[in-house]
Each structure stands twice: as structure tokens, then as C-alpha cells.
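Colleague: I have a protein model open on my screen and would like to learn how to read it. Could you walk me through it, one feature at a time?

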Amino acid sequence: MTLQVRESAVEDAALQWFDGLGYDILNGPGIAPGEPVAERTDFAEVVLPNRLGSALSRLNPNVPEPACDEVLRKIPWTETPSLVKNNRRFHRPMTDGADKDAEELVDSGSPA
């Protein structure tokens, strides 16, 4: 017998897990482009910039605003079509070291 897992079961479990961690759970279509409370201009925009900016400021009150602005500019930027290469580029400064302001922007445990 083959075990089949439905995508909806995985999604529901993940939503419950994130809710338990303190994240706000929203209905995607409600914040989609074109809606009154849209949080992005189109679906190609994978980062919700207002939420990310608010979280960076809240989690890092002592980091200068220009450093937060630089992070907001760099996070959605991709260097190559390769997801693996982009993930390595994003991960490297957090593990190999970055300038002091950028290091402070990495939070180790609080939901954004």
C-alpha cells in the first residue's frame, strides 16, 4: 500500500505549527495583488516588503535605518536563476561573517 500525503494536509499542519509559534496566519487571496489590502504588486514579488521592513526595525532597534534599507534591497535580489546558488549567496554572510550591521539583522528565534 502506498502512502499518499495531500498538499492540503501538509499546508494545514504547517499553518498550525506557525500559528503555535506566534506567527499571524492570513488568507493568501485576501492580500493578493489587486485586493484592497494587497501586500505586493504582483505574484513575482516573493518578499512582502512592508512586513519585512517592519520586522527588521522591530527586531533590530539599534541598527541604523540605512543598514535595514540595504537588507531590504538585497534580500529579493537574485544573482542567478539557480535557486541553490542564490540560497548559498544569501546564507554565506550569515555563516561566514558580514559587516556588523548586517550580522545584527539575523534574529535567532522570534517570529517576524
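Modeller: Gladly! Let us start with a definition: helices and strands are DSSP runs, a helix having at least four residues and a strand at least two, and they are numbered from the N terminus. Please keep in mind that this is a predicted model.

Colleague: Which elements does the protein have, and in what order do they run from the N terminus?

Modeller: The order from the N terminus is α-α-α-α-α. That gives five helices and zero strands.

Colleague: How much of the protein counts as buried?

Modeller: For this step you need a cut-off: a residue is buried when its relative accessible area is under 20%, and exposed when it is over 50%. Of the 112 residues here, 12% count as buried. The accessible surface comes to about 9,000 Å², and carbon and sulfur atoms own 54% of it.

Colleague: Let us go inside. Which residues make up the largest nonpolar core?

Modeller: There are five of them: Leu56, Val63, Ala67, Cys68 and Val71. Helix H3 supplies the largest share of this core, with three residues.

Colleague: How should I read the buried side of a helix?

Modeller: Start with the general idea: an α-helix has 3.6 residues a turn, so residues three or four places apart point the same way. Now the case here: in H3, the buried residues are Ala67, Cys68 and Val71. Around the axis they span an arc of only 100°, which puts them on the same side of H3.

Colleague: Which exposed residues sit on the face of H3 turned away from that buried side?

Modeller: Glu65, Pro66 and Arg73 are the exposed residues on that face.

Colleague: And which residues of H2 are buried?

Modeller: Gly53, Ala55 and Leu56 are the buried residues of H2. Looking down the axis of H2, you find them within an arc of 165°, so they line one face of the helix. H3 is part of what covers these buried residues of H2.

Colleague: Now for charges. How many salt bridges does a search of the whole structure find?

Modeller: First the idea behind them: side chains of opposite charge can pair when their charged atoms come close. In this structure the search finds two salt bridges. One of them joins Arg51 to Glu39, with 2.5 Å between the closest N and O atoms. Arg51 belongs to helix H2 (residues 49-59), while Glu39 is in the loop between helix H1 (7-20) and H2, so the pair ties together parts that are twelve residues apart in sequence. Arg51 is partly exposed, at a relative accessible area of 37%.

Colleague: Where do Glu70 and Arg73 lie, and how many residues apart are they?

Modeller: Both are in helix H3 (residues 65-74), three residues apart, which is about one turn of the helix. Glu70 is partly exposed with a relative accessible area of 31%, whereas Arg73 counts as exposed at 51%.

Colleague: Is Phe43 buried or exposed?

Modeller: Phe43 counts as exposed, at 61% relative accessibility. You will find Phe43 in the loop between H1 and H2. Not counting residues up to four places away in sequence, Phe43 touches Ala32 and Pro33. The C-alpha atoms of Phe43 and Pro33 are separated by 7.0 Å, though the two are ten residues apart along the chain.

Colleague: Which residues is Leu48 in contact with, leaving aside neighbours within four places in sequence?

Modeller: Leu48 is in contact with Ile31, Glu39 and Arg40. Leu48, too, is found in the loop between H1 and H2.

Methods
Residues numbered from 1 in each chain as written. Predicted model: local features only at pLDDT ≥ 70, side-chain atom pairs only at ≥ 80, totals over all residues. Heavy atoms only, no water. Salt bridge = Lys/Arg side-chain N within 4 Å of Asp/Glu carboxyl O. Buried < 20%, exposed > 50% of the residue type's maximum accessible area, 1.4 Å probe, protein only. Core = buried A, V, L, I, M, F, W, Y, C linked by side-chain atoms within 4.5 Å. Arc of directions from axis to C-beta. Contact = heavy atoms within 4.5 Å. Areas by Shrake-Rupley, 256 points an atom, 1.4 Å probe, with all protein chains shown as cover.
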